[in-house]
Amino acid sequence: MSNDTAPCFSTGRVLRSVLIIVAATLASGFFSAVMINAGYMSSWIEEVCGLDAAAASFFPSMARLASIAAIPVFGALALKISPNRILLFSAAACTAGLFGMFFFPTIPGLIICYVLLFGLGSSGVGYTIMFGALLPIIDKKAAAVAAGAVSCCGSAVSIFLFPAIFGITASLPADSVFLILGTAGLITLPLIFFISKQKKVLPDEISDAAGSEKKEEETEKLSLISVAKELLTCKLFYLLLPFFFLCGICENVAYSALPWYFQLEFGTSGTLALSFYGAVFVAGALTCGLVITRFKSKMLLLAAVFAVITLIFSPLVSPQTIPAVIILLIPATLAAAAIGPLLSMTVVDMSGAAKFTAFFSILYVIKKIGSTVEPTIAGICKALSPDVFMMNPFLWIATGLAAVLAVVLGIRMMRQKKIGAGDGKLQE
């Protein structure tokens with residue numbers, strides 16, 4: 001094989017991919033971490049606007065709803081507009097919203113700056129657009145690592161962001177936090193600009209000019225109607241719906257269960273417990289991203305992850321000591337973190353890079369619904385036994401069924417891959 005026809009894979013491409021992933025993790029993680037802290041926002045709005053607690057909580061709720069509603073809209077726009085441009089515009093909108101909350105701390109100002117600018121903009125810098133923007137510009141071998149890194153970026157950044165922000169603002173006026181966050185957003189913009197200016201990486205399987213032209217023609221023919229038809233007629237899409245719903249539940253359970261357990265049993269502070277959780281969650285997502293390519297079937301690996309969560313959250317398990325936390329709750333958090341990159345790479349295999357954002361945006365909304373439903377279920381469990389650490393029985397049953405479904409689906413996909421059946425949508 002001559003040098004002209006050899007696959008283009010070099011240290012330079014790997015380093016470029018690493019730099020892009022790091023920039024994406026820091027940039028998206030900053031905005032994700034800011035969006036999480038709805039409690040701080042409610043308290044601040046109650047203070048500056050003179051509203052009661054119920055009225056103040058309306059604004060964070062509306063901002064989150066606006067963010068969720070905008071996800072499929074941005075997914076559809078990504079078929080015609082480069083995700084990189086959506087990413088840059090959304091980051092600028094979020095930054096403007098942060099400064100707006102500092103300069104215009106009134107009810108109309110919060111509707112425009114918090115609910116609209118920041119709420120809608122946060123969808124454009126969220127995981128769906130960010131990972132969709134990375135896929136065409138990083139090496140294919142780095143995609144799984146990118147999925148793991150970006151999926152846990154909010155937890156990673158919040159480990160350092162929240163303690164630092166609260167420490168700085170402890171002796172400053174409450175609204176100064178938005179001036180600090182807005183300035184940090186301005187610093188983050190160059191990272192997103194760096195991502196938006198990167199050129200696409202030529203796929204390894206396309207090595208001649210004719211192949212490149214054919215690929216460009218296929219990309220140009222993408223439309224919302226054609227993608228919608230393809231999505232609605234894809235069986236794997238419907239099979240992924242319960243997995244994404246449970247992904248949202250599992251992530252939320254890990255987010256709430258581990259810190260709550262540490263506070264209940266060992267009297268640790270909430271910040272310390274959340275930081276510990278964040279570190280474990282990041283480790284699980286990154287580890288999964290690094291090892292995905294070593295498994296023949298992502299779906300069978302997903303089945304193993306759900307099986308671990310099922311065993312740990314079974315009614316027979318009731319951790320009461322630190323060794324039990326290490327043996328049980330930490331593996332549960334690691335497993336919950338692994339679901340995100342596994343599902344992301346499965347969607348990439350199903351849709352390809354060009355249509356990933358449109359496909360994933362709908363599934364991501366299902367995940368968000370799952371993360372919204374879980375607190376209600378957990379609240380019922382806590383109400384029944386307020387002084388006892390009680391695992392979620394719904395989670396135990398649902399994840400068990402998901403593990404079985406993933407095994408069946410994984411075996412089917414591997415068989416289809418071996419015989420070369422289908423049009424490639426169900427192949428890994």
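Phe 244 is buried, at a relative accessible area of 1% (buried means under 20%, exposed over 50%, and partly exposed in between, with a 1.4 Å probe and protein chains only). Phe 360 is likewise buried, at 2%. The model is predicted, with local features needing pLDDT of at least 70 and side-chain atom pairs counting only at pLDDT 80 or more, while totals for chains, interfaces and linings use all residues. Residues are numbered from 1 along each chain as its sequence is written, and side-chain values use heavy atoms, leaving out hydrogens and water.

The structure holds 14 aromatic pairs (rings of Phe, Tyr and Trp, the last by its six-membered ring, pair if their centres lie within 6.5 Å; planes under 30 degrees apart count as stacked, over 60 as edge-to-face and the rest as tilted). One of them joins Phe 58 to Phe 59 edge-to-face, with 5.8 Å centre to centre and 80 degrees between the planes. Phe 58 is partly exposed at 47%, whereas Phe 59 is buried at 5%.

Phe 244 and Phe 360 also pair edge-to-face, at 5.3 Å centre to centre and 75 degrees between the planes. This pair links distant parts of the chain, 116 residues apart: Phe 244 lies in helix H13 (residues 235-266) and Phe 360 in helix H17 (residues 356-384). Helices (H or I, at least four residues) are DSSP runs, numbered from the N terminus.

Turning to helix H6 (residues 107-124), Ile 112 is found here. Ile 112 counts as partly exposed because its relative accessibility is 49%.

Terms used
Helices (H or I, at least four residues) and strands (E, at least two) are DSSP runs, numbered from the N terminus.
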